Amino acid sequence: MLIKRLYSIFKNTFSDMDNLIAVCQITSTANKEKNFQACKALITNAHKCGAKMIFLPESFDYIEEDKAKSLEMAESLDGSLINNYKSLAKSLDIWLSLGGFHEKFSETKLRNTHLVINNKGEVAETYHKIHLYDVQIPSKNIQAFESNLVESGTEISLPVKTPIGNIGLAICYDMRFSQMAIALAENGADILTYPSAFFFGTGAYHWEILLRARAIETQCYVIAAAQTGNHSSARKSWGHSLVVDPLGTVIAQCSEEPGFVLAPIDLSLIKSIRQSMPLECHRRYDIYPKMISSTLCRTKSIEDFNEFKFGSSIVKGLQVFYQTQLSLAFTNIKCVLPGHVLVAPLRAVEKLTDLSNYEVEDLFLAVQKVQKTIEQVHNTNSSSIVIQDGQHAGQTIKHVHVHIIPRKSGDFLVNDDIYRKLQNEKYCIDPRRSDEEMAQEAKLLRSLF
């Protein structure tokens, strides 16, 4: 009856139950079965309250201080424990974030693995912790070498698509490295996750402020499920599992007791915040590097990106067929002639003169490459390369961009009529193309780059 009353309360409190999540807090011990039963109870109750995705903390499987015993207890992703969680996710029709699994790696090392299981009971994505806490301060009698037991990961996993949004995976100590958070956001993350077993001693100082900072700088939700309390006589965790919205506001938080807390994820809030404060457009990638190009080891298809800012408009990922570090080429929603495409700098500036030397170089090298390809596709050796630079030149999108239009003999009775048609969209041969049409064209062009 208590669960039914809670569900009724939450249903009235949260208008969008489809994006309701639960963040769990536990006190793991060396007893794996006891830990699983505790997690199962939290997951089952959170599901009854309407949660569509449930988040567990780092070391949800066990915490064992003895290295040899910890190695002995580790399992593979095909082991009985993860299979139990897969079955649970499938039976409840929910998604699970399992935030730090002791994955068997070798005879002397294991991996700290964050995995997402979908509602079909399948592993949707995995991430191996890349930042390991190794520190030695003799004067304070502090010595911790996570690398003695854990093999460091070698790549950042791409954000995984889930019913509540695109989720970027991280683990605990990763939260201290803003570069990783920005890289995940640049690759389309709506939500960042930091499942943790955060040390009690630093929790009061850094836990909340670090997580709020990661939310503010990326304009993402941050979800941090945590271990809490005494795991043994030698180890204690801070607790205070929380959810932070893209403004940096803590919207849900546990205390220090095991349990769970519910929170809604509002993807429209992310969009609104990013429109009102477009950090992505204002980052100076002409001065410092863009994390997207140098951080991720796995290749992401261009079409997997959700969208790009183009002045006050949005370019959908399905339109994009070529990208450099500073520029983007995409299919056009309103074509003057077949093959009419656009190339624009990623940074949103209105005039060509607003670009740095590096951006100008990158932009026109991209234009040159795109022009060659477009001419091959349309069997021609001529193109109109046009920039409408400013309002009185016919610019309607306040984001400098280059039109590339393949030309053939007789496509206009008077050659320069093309410029008049650029300024008057009602004469376009197809005033507004469908997403499917633009996606098919982009797919063909992507294969040529």
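Author: Helices here are DSSP runs of H or I with at least four residues, strands are E runs of at least two, and both are numbered from the N terminus. With those terms, serine 59 sits in the loop between strand E2 (53-56) and helix H3 (67-73). This is a predicted model, where local features need pLDDT of at least 70, side-chain atom pairs count only at pLDDT 80 or more, and totals for chains, interfaces and linings use all residues. Residues are numbered from 1 along each chain as its sequence is written, and side-chain values use heavy atoms, with hydrogens and water left out.

Reader: Why is serine 59 called buried?

Author: Buried means under 20% relative accessible area (exposed is over 50%, partly exposed in between; 1.4 Å probe, protein chains only). Serine 59 comes in at 8%, so it counts as buried. Its phi is near 60 degrees, a positive value in a residue other than glycine.

Reader: And what makes glutamine 219 buried?

Author: Its relative accessible area is 6%, so glutamine 219 is buried too. Glutamine 219 lies in the loop between helix H6 (200-218) and strand E11 (221-224), and has a positive phi of about 55 degrees despite not being a glycine.

Reader: What makes Leu326 and Arg347 part of the lining of the largest cavity?

Author: A cavity is a set of points, on a 1 Å grid over the protein atoms alone, where a 1.4 Å probe fits but cannot get out, and lining residues have an atom within 4 Å of a point. Leu326 and Arg347 are among the residues lining the largest cavity, including also Glu280 and Tyr285.

Notes. On a 1 Å grid over the protein atoms alone, a cavity is a set of points where a 1.4 Å probe fits but cannot get out, and a pocket is an open set with protein on both sides within 12 Å along at least five of seven lines; lining residues have an atom within 4 Å of a point.
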